[in-house]
Amino acid sequence: MLPKASSCPVCGRPSAAETRPFCGKACRDRDLLQWLGEGYRVPGSPAADEMKKSDDYGVDSPLD
């Protein structure tokens, strides 16, 4: 049985074997940038206030 031909999830062109499921490096990189830039989000319940990021949290912030 032959595998189904898949298309690139970004642009819709046929996917390439070396960059599957994408058609090439450009679409693969564009998809990665969407994830890193929070362009894609997984639905869920809102975070509790104590779990949200604060402005003074970091390496140099005082210990809790």
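R41 is exposed, with a relative accessible area of 64%; here, exposed means over 50%, buried under 20%, and partly exposed in between (1.4 Å probe, protein chains only). Everything here comes from a predicted model, where local features need pLDDT of at least 70, side-chain atom pairs count only at pLDDT 80 or more, and totals for chains, interfaces and linings use all residues. Residues are numbered from 1 along each chain as its sequence is written, and side-chain values use heavy atoms, with hydrogens and water left out.

**View 1. E38 and R41 pair up in a salt bridge.** A salt bridge here is a side-chain nitrogen of Lys or Arg within 4 Å of a carboxyl oxygen of Asp or Glu. For E38 and R41, the N to O distance is 3.6 Å. E38 is partly exposed, at 47% relative accessible area.

**View 2. L32, L33 and L36 form a nonpolar surface patch.** The patch covers about 340 Å², with areas from the Shrake-Rupley method (1.4 Å probe; for residues, only the protein chains shown count as cover). Patch members need over 30% relative accessible area and no salt bridge; like charges are joined within 9 Å, and nonpolar side chains (Val, Leu, Ile, Met, Phe, Trp, Tyr) within 5 Å. L33 itself is exposed, at 59%.
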